[in-house]
Amino acid sequence: MRRKIVAGNWKMNGSKDLSEKLVGYVRSESVSLDKGVEVVIIPPAIYIGDVVREAQGNISVGIQNVARWQSGAYTGEVSSEMAKDSGCCFALVGHSERRQLFGETDKMVAEKVSIVVGSGLTAIVCVGETLEERESGRAEVVVAGQVREGLSSVKQGDWQNIVLAYEPVWAIGTGKTATSDDAQAMHAAIRDVLRDMGAPADEIALLYGGSVKADNAADLFSEPDVDGGLIGGASLVAKEFMSICRSLSAGT
Ligand code: PEP
């Protein structure tokens, strides 16, 4: 059976106080969720220890980015092994902000995926087209290319540590969301690409991300190939985030 996941990406937001209060709330409320739903909090790296402590093993923790190297003279970088050592189970790879603001390419994504999976974490690999790419009818081709190249380093047997997040760039932080039909169509296309790559496509969780809120989550999660969500802004508001988690729980 495929994993069902709601992951909250705090981006460069949050504080020690939020780590305590929001995570404490989510931890206590998450006991009422369907057991098959995994809740993941992905705070800025400096708060991982605080979030892990507050999560008390009941919810999972991820890191937003890892280095392409195992260790060494890379001032300012954090390795996947360090994230694991600090209590993370997940690592985001290739978020569109990393691609656009920090020049992350599909080749770098593939290197990071290899490092993340090698250290025993689950990689949440983000893909998605820009508005221009969608309007010119190239969305599926662009996303298929990102999937093929970004996952080119995955070995047979490591696919259970891969989750994909389809995040149309034009929907991230904008309040615009893909329709559930468009999200479903892209997720089905991604599954076809995975199948073609020899991956166990029906077992890989595909998350949707891009302005998911409490009032549109149930609709998106009702689609057969949408296995959860990657949530940005709404993951910073405890009640809203829990409401999104409940939408997935109710649909399982
Ligand atoms: C994200 O940062 O991955 C994201 C989907 O952001 P938002 O939910 O704010 O659009």
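Predicted model: local features only at pLDDT ≥ 70, side-chain atom pairs only at ≥ 80, totals over all residues.
Residues are numbered from 1 along each chain as its sequence is written, and side-chain values use heavy atoms, with hydrogens and water left out.

Trainee: Which residues does UniProt list for "active site"?

Mentor: The record is an unreviewed entry, and its annotations may be inferred rather than shown by experiment, with positions given in the numbering used here and feature names shortened. The listed residues span 73 residues in sequence, yet no two of their C-alpha atoms are more than 8.4 Å apart, so they gather at one spot. In that UniProt entry the residues are His95 and Glu167.

Trainee: Where is the place of His95, and is His95 buried or exposed?

Mentor: Helices (H or I, at least four residues) and strands (E, at least two) are DSSP runs, numbered from the N terminus, and His95 sits in the loop between strand E4 (90-93) and helix H4 (96-102). Buried means under 20% relative accessible area, exposed over 50%, and partly exposed in between, with a 1.4 Å probe and protein chains only. His95 has a relative accessible area of 5%, so this residue is buried.

Trainee: What is the length of the polar contact that joins the side chains of Glu167 and His95?

Mentor: Glu167 lies in the loop between strand E6 (162-166) and helix H8 (180-196), and among the residues that Glu167 touches, not counting those up to four places away in sequence, are His95, Cys126 and Ile172, where contact means heavy atoms within 4.5 Å. A polar contact is a pair of N or O atoms within 3.5 Å; within protein, one must be able to donate a hydrogen and the other to accept it, and residues adjacent in sequence count only if both atoms are side-chain atoms. For the side chains of Glu167 and His95, the polar contact is 3.4 Å.

Trainee: Which residues line the largest cavity?

Mentor: On a 1 Å grid over the protein atoms alone, a cavity is a set of points where a 1.4 Å probe fits but cannot get out, and lining residues have an atom within 4 Å of a point. The largest cavity has a volume of about 30 Å³, a volume being the space filled by probe spheres set on the points, which are joined across faces, edges and corners. H4 and strand E5 (122-127) each supply at least two residues of this lining. The lining residues are Gly94, Ser96, Arg99, Cys126, Val127, Gly128, Glu167 and Val169.

Trainee: What volume does the largest pocket have?

Mentor: A pocket is an open set of points with protein on both sides within 12 Å along at least five of seven lines. H4 gives the largest share of the lining of the largest pocket, three residues. The volume of the largest pocket is about 480 Å³.

Trainee: Of the 19 residues that line the largest pocket, which are the closest to its centre?

Mentor: By class, the lining of the largest pocket has 10 nonpolar, five polar and four charged residues. The closest to the centre of the largest pocket are Met12, Gln64, Asn65, Arg98 and Phe102.

Note on methods: Nonpolar A, V, L, I, M, F, W, Y, C, P; charged D, E, K, R; others polar.
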